Amino acid sequence: MEKNRSYLFGELLAIWEWAEQMSAPRGSDIPLKTLDLKPKLIHHPAEIYAAIERDVGPRVRANTPPEKFEQIQDWIGEILEQLDDIDGFTNEELDSAYLMGFYSRWRKIRPDAKNSI
């Protein structure tokens with residue numbers, strides 16, 4: 001499947017959700033912001049992505065070893081470049097390909113979850 005903007009936004013969401021889960025203190029019952037924002041991403045992707053970066057980014061950075069945070073930033077940077085190449089960073093509603101992007105990226109990074117941050 002070709003990676004369209006919906007697919008790419010799905011990948012971004014997977015990275016941030018994983019990063020937020022991995023950076024949460026063990027046994028914490030702090031609600032995950034990415035889970036709250038996930039349903040809204042479909043309708044306002046650029047706006048909600050900015051909210052995820054603003055609200056989740058600082059907590060992930062503070063609770064993640066620098067080398068792991070750099071890896072997360074590299075993954076995000078690659079996807080943002082692809083979105084930029086197709087002028088895809090807009091609030092145009094996403095199609096169902098975002099689910100494919102989310103689960104494809106989730107499968108790639110999830111094995112890292114064993115090596116928790």
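Helix α1 (residues 5-23) and helix α2 (residues 33-41) have axes that come within 9 Å and cross at roughly 165°. That angle makes α1 roughly antiparallel to α2, a label used for angles over 145 degrees, while those under 35 count as roughly parallel, 65 to 115 as roughly perpendicular and the rest as oblique. The axes are lines fitted to C-alpha atoms over the stretch in contact, with angles running from 0 to 180 degrees between N-to-C directions. Helices here are DSSP runs (H or I, at least four residues), numbered from the N terminus.

Please keep in mind that this is a predicted model, in which local features need pLDDT of at least 70 and side-chain atom pairs count only at pLDDT 80 or more, while totals for chains, interfaces and linings use all residues. Residues are numbered from 1 along each chain as its sequence is written, and side-chain values use heavy atoms, with hydrogens and water left out.

On the α1 side, the contact (heavy atoms within 4.5 Å) is made by Phe9, Leu13, Trp16, Glu17 and Glu20, and on the α2 side by Lys33, Thr34, Leu35, Lys38 and Leu41. Sorted by class, these are 5 nonpolar, 1 polar and 4 charged residues. In this scheme Ala, Val, Leu, Ile, Met, Phe, Trp, Tyr, Cys and Pro are nonpolar, Asp, Glu, Lys and Arg are charged, and the others, Gly among them, are polar.

Helix α1 also packs with α3. Their axes come within 10 Å and cross at roughly 20°, so α1 and α3 are roughly parallel to each other. This crossing, too, is left-handed. From α1, the residues Arg5, Phe9, Leu12, Leu13, Trp16, Ala19, Glu20 and Ser23 meet Pro45, Ala46, Tyr49, Ile52, Glu53, Val56, Gly57, Arg59 and Val60 of α3. The contact of α1 with α3 divides into 11 nonpolar, 2 polar and 4 charged residues.

Leaving aside neighbours within four places in sequence, Val56 is in contact with Trp16, Glu20, Lys33, Thr34 and Ala51.

Ile76 takes us to helix α4. This residue is buried as well, at 3% relative accessibility. Beyond its neighbours within four places in sequence, Ile76 is in contact with Leu12, Ile15, Trp16, Tyr49 and Glu53. Its C-alpha atom is separated by 9.7 Å from that of Leu13, 63 residues apart along the chain.

Return now to α1, where you will find Ser6, buried at a relative accessible area of 2%. With neighbours within four places in sequence left aside, Ser6 is in contact with Leu94, Asp95, Ala97 and Tyr98. Another serine, Ser104, lies in helix α5 (residues 97-109) and is buried at 12%. The side chains of Ser104 and Tyr7 are joined by a polar contact of 3.0 Å, that is, a pair of N or O atoms within 3.5 Å; within protein, one must be able to donate a hydrogen and the other to accept it, and residues adjacent in sequence count only if both atoms are side-chain atoms.

Finally, look at the loop between α4 (66-85) and α5, which holds Asp87. Most residues other than glycine have a negative phi. Asp87 has a positive phi of about 50° although it is not a glycine, and it is exposed, with a relative accessible area of 65%.

Notes: Helix = DSSP H or I, 4+ residues; strand = E, 2+ residues; numbered from the N terminus. Buried < 20%, exposed > 50% of the residue type's maximum accessible area, 1.4 Å probe, protein only. Left-handed = near helix turned anticlockwise from the far one by under 90°.
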